[in-house]
Amino acid sequence: FSWFERASMARAAGWICSGKTVEACLRNRSGYDRPHLLIPLGVDVDAFKPDRTAGQRAREKLGWHNEGPPVIGFIGRFVPAKGLHLLTQALDQVHEPFRALFLGSGELDGELRRWGQKHGDRVRVAYVPHDEVPAYVNAMDLLCAPSQTTAAWREQFGRMIVEALACAIPVIGSDSGEIPSVLGDAGLVVAERDVAGWARAIERLLSSSEQRNELGRSGLERAHARYAWPTIAR
């Protein structure tokens, strides 16, 4: 990889990156002393958009009534670095009524399902094709992105975050890697290992539909202003 990187940069007039943390990592690296531009990853705002009707249908497929408590969502790989252990610990401390929807797959699938059994009908673990994800995002009332920095990895962007923003779904994210920059002031950021802080942030949004709506509006504006593909293209 190092040879490939050196050979590529020797031929490059410049370089682009998707986030501030990647920029900070590369700008002083050998071979990167040339013009560069930060261009974030994008989201298809024609596919990911507010659609509560689609969300209601998705809830019905999950066997949930629409008039139940708010749905907390997670989308991604079921691996330790994505923060599932922290999220489940935090949810165990939440006293407000909630339902939880985990979309994805991975090595923690069995462990996650066993944890969900403790909460009975309040938890769903599912995998759906990506073209069905927008409907299930709209089935959520808030999304959690609790990524955890490891010795070999930190969150470089968080595509599920901009997908939720584009659907006007409020987001709580950890301070791992690029997440705070992606969210800006359109979501809540909690220290990545602060279980009690996560529980408080989740309860804060569960108990206030007004704040969820306010963050949802801010997120939708941010998604269109920064992450819509026409904006990325320009």
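Which residue stands opposite Ile 75 in β4? Let's find out in these close-ups of a predicted model, where local features need pLDDT of at least 70, side-chain atom pairs count only at pLDDT 80 or more, and totals for chains, interfaces and linings use all residues. Residues are numbered from 1 along each chain as its sequence is written, and side-chain values use heavy atoms, leaving out hydrogens and water.

View 1. Strand β3 covers residues 71–77; strands are DSSP runs of E with at least two residues, numbered from the N terminus. Leu 103 in β4 is the residue that stands opposite Ile 75. β3 pairs with β4 (residues 99–105) in the parallel sense over seven bridges, where pairing requires that DSSP finds at least two bridges between two strands. With β6 (residues 142–145), β3 also pairs in the parallel sense, over two bridges; here Ile 72 has Leu 142 as its bridge partner.

View 2. Five of the seven residues of β3 are buried, so the strand is largely enclosed by the rest of the structure. Buried means under 20% relative accessible area, with a 1.4 Å probe and protein chains only.

**View 3. Helix α9 meets helix α10.** Helices are DSSP runs of H or I with at least four residues. α9 (residues 195–206) and α10 (residues 209–227) pack at about 95 degrees, with axes 6 Å apart. That makes α9 roughly perpendicular to α10, a label for angles of 65 to 115 degrees. Arg 204, Leu 205 and Leu 206 in α9 meet Gln 211, Arg 212 and Leu 215 in α10, with contact meaning heavy atoms within 4.5 Å.

Key. Axes are lines fitted to C-alpha atoms, for helices over the stretch in contact, and angles run from 0 to 180 degrees between N-to-C directions. Angles under 35 degrees count as roughly parallel, over 145 as roughly antiparallel, 65 to 115 as roughly perpendicular and the rest as oblique. Buried means under 20% relative accessible area, exposed over 50%, partly exposed in between (1.4 Å probe, protein chains only).
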